[in-house]
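User: Hi! I'm new to reading protein structures. Could you walk me through one, step by step?
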Amino acid sequence: MSTQDTLTLLRPDDWHLHVRDGAAMATVVPHTARQFGRAIIMPNLRPPVTTTEQALAYRDRILASVPAGLSFTPLMTLYLTDNTPASEIERAQAAGVVALKLYPAGATTNSDAGVTDIRKTYATLEAMQRAGLVLCVHGEVTDSTVDLFDREAVFIDRVMQPLRQDFPELKVVFEHITTKEAADYVASAGMFTAATITAHHLLYNRNAIFQGGLRPHYYCLPVLKREIHRQALLAAATSGSDRFFLGTDSAPHPAHLKEHAAACAGCYTALSAMELYAEAFESAGALDRLEAFASRNGPAFYNLPVNEGTITLKREAWTLPESVAFGDASLKPLRGGEVMNWRLVD
Ligand code: DOR
Ligand code: ZN
């Protein structure tokens, strides 16, 4: 059997992305716009994007950093807090905001304003269920007595299942799942529940964080898990189920804050996102399933049309840059300085 050397797909989307703001944003938006037609923009800025007005202003700043000649649409989200008024939902929907993001308070980067008790948000969730707005969930409990590696599995029992029972028709995306438990849960949870999966969680297990020394560029939240979990995620992504789709969770931090005594969580993958996913799908012999995962399942869940146009990936060995300028700092992409097997053709 001959190996496949080119892969042409409907233009994909990134259903979970961090682009930050200001000079940092000017570096990363072009990387994503080259690869994807649309991306769901996470609202965990400082201060967080909690109102429709802030989201629209942020959207304009993102659009201003899209290079001429590329067509890229940022899909905006609001940061859900204990105090998000139900009345904000109507405004958000009218303005084209597609989702609200639930960060349990303290779970991750810039989550201090997050939700302390999900019951405090019930009136707002009710309005979202009615309006058809999606709830994007960072699914980890923050209880300090729960082991860091178990926080996603415990979240399913403590938060996800009660939430599903109380709002059966609220569209929920379990973001960046990292465990077999989450993959199994989503596969059996019905049509209103979906999940995004990152490229790094498909390619690496937690050994990567400790390979030959402490490797902060492999540190993200939820943290990489054991090999059995990586295999379960790869099986879910390539299963053909339309409730798993692409979300890079590409999360840029300046290199000096990654290579730090308290390293920031986040892997930067936007520069080579589709190349990384192609490698993961190929490892499972499932390149033919990449288009559904990257370009069809997300729009179907969010009730949006698929993109026009295509992208092409070519089998070609090339070395990913070790670092790129990032405002006044530098940014080190995951796998920087290493050889990639696939290359996105411009
Ligand atoms: O690793 C992560 N980085 N996980 C998150 O949930 C947030 C993100 C960030 O914003 O840096
Ligand atoms: Zn994220």
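Analyst: Happy to! Let's begin with burial: a residue is called buried when its relative accessible area is under 20%. Keep in mind that this is a predicted model.

User: Is Asp249 buried or exposed?

Analyst: Asp249 has a relative accessible area of 6%, so Asp249 is buried. His18 also counts as buried, at 6% relative accessibility.

User: Which residues are the protein donors of the zinc ion (ligand 2)?

Analyst: The donors are His16 (NE2), His18 (NE2) and Asp249 (OD), which lie 2.0 to 2.1 Å from the zinc ion. Along the sequence, their spacing reads H-x1-H-x230-D. Distant parts of the chain are linked here: His18 sits in the loop between strand 2 (13-17) and helix 1 (22-35), while Asp249 sits in the loop between strand 9 (244-246) and helix 9 (255-258), 231 residues apart.

User: What does the UniProt annotation say about Lys101?

Analyst: The unreviewed UniProt entry annotates Lys101 as "modified residue: N6-carboxylysine". In the model, Lys101 belongs to strand 5 (residues 99-102). Its relative accessible area is 1%, so Lys101 is buried. Among the residues Lys101 touches are His16, His138, Glu175 and His176.

User: How should I think about a nonpolar core?

Analyst: In soluble globular proteins, nonpolar side chains tend to be buried together. Here the largest nonpolar core has 97 residues, and Leu135, Phe174 and Leu290 have the most contacts inside it. Helix 10 (residues 273-283) supplies the largest share of this core, 7 residues. Apart from that core lies another, of 15 residues, including Ile40, Cys136, Phe245 and Tyr302.

User: What does Phe174 touch?

Analyst: Its contacts include Val137, Phe155, Ile156, Met160 and Tyr185.

Definitions and conventions: Residues numbered from 1 in each chain as written. Chains lettered and ligands numbered in written order. Predicted model: local features only at pLDDT ≥ 70, side-chain atom pairs only at ≥ 80, totals over all residues. Heavy atoms only, no water. UniProt positions renumbered as here; feature names shortened; annotations may be inferred. Helix = DSSP H or I, 4+ residues; strand = E, 2+ residues; numbered from the N terminus. Buried < 20%, exposed > 50% of the residue type's maximum accessible area, 1.4 Å probe, protein only. Contact = heavy atoms within 4.5 Å. Core = buried A, V, L, I, M, F, W, Y, C linked by side-chain atoms within 4.5 Å. Donors = N, O, S within 2.8 Å, 3.2 Å for Na, K, Ca; no water. Lists of a residue's contacts leave out its neighbours within four places in sequence.
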